Amino acid sequence: MGTDIIPAASLPEKMTYAQALAESGLLPAQYRKQPANVLYALEYGATIGIGTMAAITGVHVIEGKPSASAGLISALVRRAGHKLRQRIEHDEQGRPIGICEIVRCDDPDYTYRSVWTLERAARAKLTGKDVWQKYPEAMLKARAITECARDACEEVLFGLHYTPEELGAEVAEDGTVVITDAPQRPTPPQPAAVPPPTPPAEPTGDEPITKEMLHVLAGQFTTLGVADRDEGLMTIALLTDIKVDSTKALTVAQARKLIDVLDPLTKADDPSAALTGAIEKAIEAMRAEQADDVLDGQIVTDHEEHDAAA
């Protein structure tokens, strides 16, 4: 398995080479018009010491995992100096048995052995596949080779631990991929989508007074010298025309209005006197408004009397 000169080239040269090669209609489907895949095969081939074309035809990526034909795995084992023997035998009923034996060059006294029977394949739920029914001997032999190689000399495989068929791809008798994409594993159920949190509604002012506002009002009343509950409620009614039985019954809008009214009073040189003055003005305004109402009422009455007399 000689290597070509491309792996020694610079990355731009490799990319140009991969783009040109990907245009070939003779490539396996997963490499046609896929220069990135060609570059992957080129780099992987360089890693394991095989040429680009050998990597393209012998290495297949199934669900992100590189795989190789049993023939390529056998070649890697033998190239490392290990002895590999594989054969097909038959049991008493004439059923095939795949056998592979490997003797390492650094441990010649021990033989690694893997045996695959149809019964074993059935337990692994493999025999229902079409390729197993058509080519049972080839499939048994391939399974025995890859299993034995993993046990005996995994270091020479460079990650090529499985054949494409073992990873779920459809293959022909010689192990070449027929359908390059392995069947998709069932997608695990996804958790139900959590709807985005509903943004808080814009405040309208009708919300109940907050604890922070109650704390501010309590401080303002203390500064103004208002300690009696009834006096406080009367102050609220006179200064804001808001009538409530308790400050806790205020809405946010009402509390904001009251805080704004009391704030300048608390900053006066004499807050208590400032409050008294504000209350007196409010009372005067209320009296003036009541007087206007009476006057308006008298005018209406005079007109009604005049009309009646007429």
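Let's start inside: Thr235 has a relative accessibility of 1%, so it counts as buried (under 20% relative accessible area; over 50% is exposed and in between is partly exposed, with a 1.4 Å probe and protein chains only). Thr235 lies in helix H9; helices here are DSSP runs of H or I with at least four residues, strands are runs of E with at least two, and both are numbered from the N terminus.

A word on the ground rules. This is a predicted model, in which local features need pLDDT of at least 70 and side-chain atom pairs count only at pLDDT 80 or more, while totals for chains, interfaces and linings use all residues. Residues are numbered from 1 along each chain as its sequence is written, and side-chain values use heavy atoms, with hydrogens and water left out.

Back to Thr235. Leaving aside neighbours within four places in sequence, Thr235 is in contact with Phe221, Leu275 and Ile279, where contact means heavy atoms within 4.5 Å. Phe221 is 14 residues away along the chain, and the C-alpha atoms of Thr235 and Phe221 are separated by 9.7 Å. Helix H9 covers residues 229-240, and Thr240 is found in it too. With 5% relative accessibility, Thr240 counts as buried. Apart from neighbours within four places in sequence, Thr240 is in contact with Lys257, Leu258 and Val261.

Step on to Asp241 and you are in the loop between H9 and helix H10 (252-266). Asp241 is exposed, with a relative accessible area of 59%. The backbone is worth a look here: phi of Asp241 is near 60 degrees, a positive value in a residue other than glycine. For context, most residues other than glycine have a negative phi. Phe158 does something of the kind, with a positive phi of about 55 degrees although it is not a glycine. Phe158 is found in the loop between H7 and E6, and is partly exposed at a relative accessible area of 38%.

That loop between H7 and strand E6 (170-171) is also the place of Pro164. Pro164 is buried, with a relative accessible area of 1%. Pro164 and Ala70 are 94 residues apart along the chain, yet their C-alpha atoms are separated by 9.3 Å.

Of the 310 residues, 36% count as buried. Among contacts with a separation of 6 or more, 54% come from residues 24 or more positions apart.

Now for the packing. The largest nonpolar core has 42 residues, and those with the most contacts inside it are Val38, Ile102 and Leu160. Such a core is a set of buried Ala, Val, Leu, Ile, Met, Phe, Trp, Tyr and Cys residues joined through side-chain atoms within 4.5 Å. Elements that give two or more residues to this core include helix H1 (11-22), helix H2 (35-48), strand E4 (96-104) and helix H7 (136-153). H7 supplies the largest share, ten residues. Not counting residues up to four places away in sequence, Leu160 touches Tyr44, Ile48, Val59, Pro66, Ser67, Ala68, Leu72, Ile73 and Leu76. A second, separate core of 23 residues includes Phe221, Leu250, Val252 and Leu265.

Phe221 turns up again in the lining of the second largest pocket, where Leu214, Leu217, Val226, Arg229 and Ser246 are among the other lining residues. The pocket search runs on a 1 Å grid over the protein atoms alone: a pocket is an open set of points where a 1.4 Å probe fits, with protein on both sides within 12 Å along at least five of seven lines, and lining residues have an atom within 4 Å of a point. About 210 Å³ of space lies in this second largest pocket; grid points are joined across faces, edges and corners, and the volume is the space filled by probe spheres set on the points. Helix H8 (211-224) and H9 each give two or more residues to the lining, with H8 giving the largest share, four residues.

Finally, the rings. The structure holds two aromatic pairs. One of them, Tyr110 and Tyr112, is edge-to-face, at 4.8 Å centre to centre and 80 degrees between the planes. Rings of Phe, Tyr and Trp (its six-membered ring) pair if their centres lie within 6.5 Å; planes under 30 degrees apart count as stacked, over 60 as edge-to-face and the rest as tilted. Tyr110 counts as partly exposed at 45% relative accessibility, and Tyr112 as partly exposed at 22%.
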